[in-house]
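Reader: I have a model open in my viewer and would like to learn how to read its features. Could you walk me through them?

Author: Gladly; let us look at it together.

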Amino acid sequence: MQALSHLLDAAGADRYRLAVADGAQRVARRITAAGRPFTGISPARLAADIDTIDLDHPLGDTTAALDELDRVYLRDAVYFHHPRYLAHLNCPVVVPALLGETVLSAINSSLDTWDQSAGGTLIERRLIDWTTRRIGLGPLADGVFTSGGTQSNVHALMLARDEALDRFACSAGDLRIFASEYAHFSVTKAAKLLGLAEDAVISVPGTADRRMSPEALRRSLAACREAGLVPMAVVATAGTTDFGSVDPLPQLADLCRRTGVWLHVDAAYGCGLLVSRRRRLLDGIERADSVTVDYHKSFFQPVSSSAILVRDRAVLRHATYHADYLNPKRAAEEQLPNQVDKSPQTTRRFDALKLWLTLRIMGPDAVGSLFDAVVDLADAGWRLLDGDPRFEVLVRPQLSTLVFRYLPSSDMDAEEADAANLYARKAIAESGEAMVAGTVVDGRHYLKLTLLNPRTTVDDIGTVLDLLAHHAETYANTSVGSSLVAA
Ligand SMILES: *Cc1c(COP(=O)(O)O)cnc(C)c1O
């Protein structure tokens, strides 16, 4: 049977080696040649190519399939390694992690049970321990890898919910979560998935530097109690998605301890500080009950690579269920390390291998130096923007984002400025010269640079600012601009 030759087994090992080398070759060629982060192609044009491919008629040939893939994907992909990709929280990835990715998908261990993973489980456990030690969570800490920050946040809040329901005589509808107005939207999604009330997430106002105000939190907690409701968790953000601001963790931890409320620290973005020379920005994180980290953001790992860590491993029991065919109670009694006992997922990738090879080849300090480089760059970018009369820039960054907008004079009205900035973002993406993000602050449209590429220079930022100003100016000066946005 011809199909058998496609299996990775003893007979297919050579074919596997060659196919992966072929694929890597194509990627390397595109990475080397990419002169822009994006070609600016429209979804309609790309769909015309992809939708007409007949999936019931295989090409039967690796080279032909890679040629086709080059045309429908690699040619027009968005390249995060490019120094002018400055949009979302996507990092360029390190080669040791890609090596890990190749190995883990080929061996295809599944980390739900020991009998599907062996050493994979022990490696994951070592990395969880390594991370909890870096955080300082104490001797009872534990955790598990997840697919991303969203999943880690849902998982952490599920544990907080179940702890609250165990401890207090209340129903899920009474529980409230406190997060700053700058917290990630996955907190709200989590509340919905966890069956909490529609208004379960209370948005705590921030201070001028876009961090949660402890005083405002204190008042919110008191008001919640007065209303007969139950504070379930405070979600502190260590690196907000828009501003990179780190909530005042020591003060929030004090408040949580005093009031007996679960403290979750969402360090999806800020976790890179754990290996950086700015580690003290995370002071107080060691007092959390649970922590989210996204290695695929500030540890330069490919998607997906994230973890949830907890101070007290006993709380992980809220995700423990036994199945006779997979992880019978007997196995737990024999102390077989079955990670499924800690995770809402069953079949689970050995993502930990990417971080393992990264630490074994590069080491933590090297990863930290990459993150420090982008934080330094953001500060240089802030100074550039602060001295540029074409732009208004918000808060000096603690991490690596810049939120600003084109506003060359105080007599440009707010609506016009909104439209000009929206236009500039769209125009620069369509040209493919750079990718920048956008956000809304106090009802107005801003532009955002998320700097995660240590190869990006201050000159790159300057070039992008010139391009943005040029597009915004074109918009402001011509009716061509307004008709384009309308279209
Ligand atoms: C990115 C991010 C998340 C979500 O993480 P995913 O890996 O995208 O699911 C959660 N919280 C913060 C603060 C983030 O920046």
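Predicted model: local features only at pLDDT ≥ 70, side-chain atom pairs only at ≥ 80, totals over all residues.

Reader: Which residues make up the lining of the largest cavity?

Author: A cavity is a space where a probe fits but cannot get out. Here the lining consists of A160, E163, A164, R167, F168, P231, M232, G260, V261 and W262. Two or more of these residues come from each of α6 and β5 (230-237), and α6 gives the most, with four.

Reader: How many cavities of 30 Å³ or more does a search of the whole structure find, and how much space lies in the largest?

Author: The search finds one of that size, and the space in the largest cavity is about 50 Å³.

Reader: Now the ligand. Which residues around it come nearest?

Author: For a shell like this, a residue is near if one of its heavy atoms lies within 4 Å of the molecule. There are 15 residues around the ligand, and G149, T150, D266, D294 and K297 come nearest. Sorted by class, the shell holds two nonpolar, ten polar and three charged residues.

Reader: Which helices each supply at least two residues of that shell?

Author: They are α6 (149-167) and α10 (295-298). The largest share comes from α6, with three residues.

Reader: What lines the second largest pocket?

Author: A pocket, in contrast to a cavity, is an open set of points. The second largest pocket has 14 lining residues, with R125, L336, N338, D341 and K342 nearest its centre. Four of the lining residues are nonpolar, four polar and six charged. The volume of this pocket is about 270 Å³.

Reader: Let me turn to the backbone. What should I look for there?

Author: Most residues other than glycine have a negative phi, and most peptide bonds are trans. In this model, R210 has a positive phi of about 65 degrees, although it is not a glycine. R210 sits in the loop between β4 (201-204) and α8 (214-226).

Reader: Which residues does a cis peptide bond join?

Author: It joins V303 and S304, with omega about 0 degrees. S304 belongs to the loop between α10 and β8 (306-310).

Reader: Finally, how is the chain divided into domains?

Author: The domain assignment gives domain 1 (10-79), domain 2 (110-362) and domain 3 (365-486). Between the centres of domain 1 and domain 2, taken over C-alpha atoms, the separation is 37 Å.

Definitions and conventions. Residues numbered from 1 in each chain as written. Heavy atoms only, no water. Domains from an automatic or database assignment. Nonpolar A, V, L, I, M, F, W, Y, C, P; charged D, E, K, R; others polar. 1 Å grid on protein atoms, 1.4 Å probe; cavity = no way out; pocket = protein on both sides within 12 Å on 5 of 7 lines; lining within 4 Å. Points joined across faces, edges and corners; volume = space filled by probe spheres on them.
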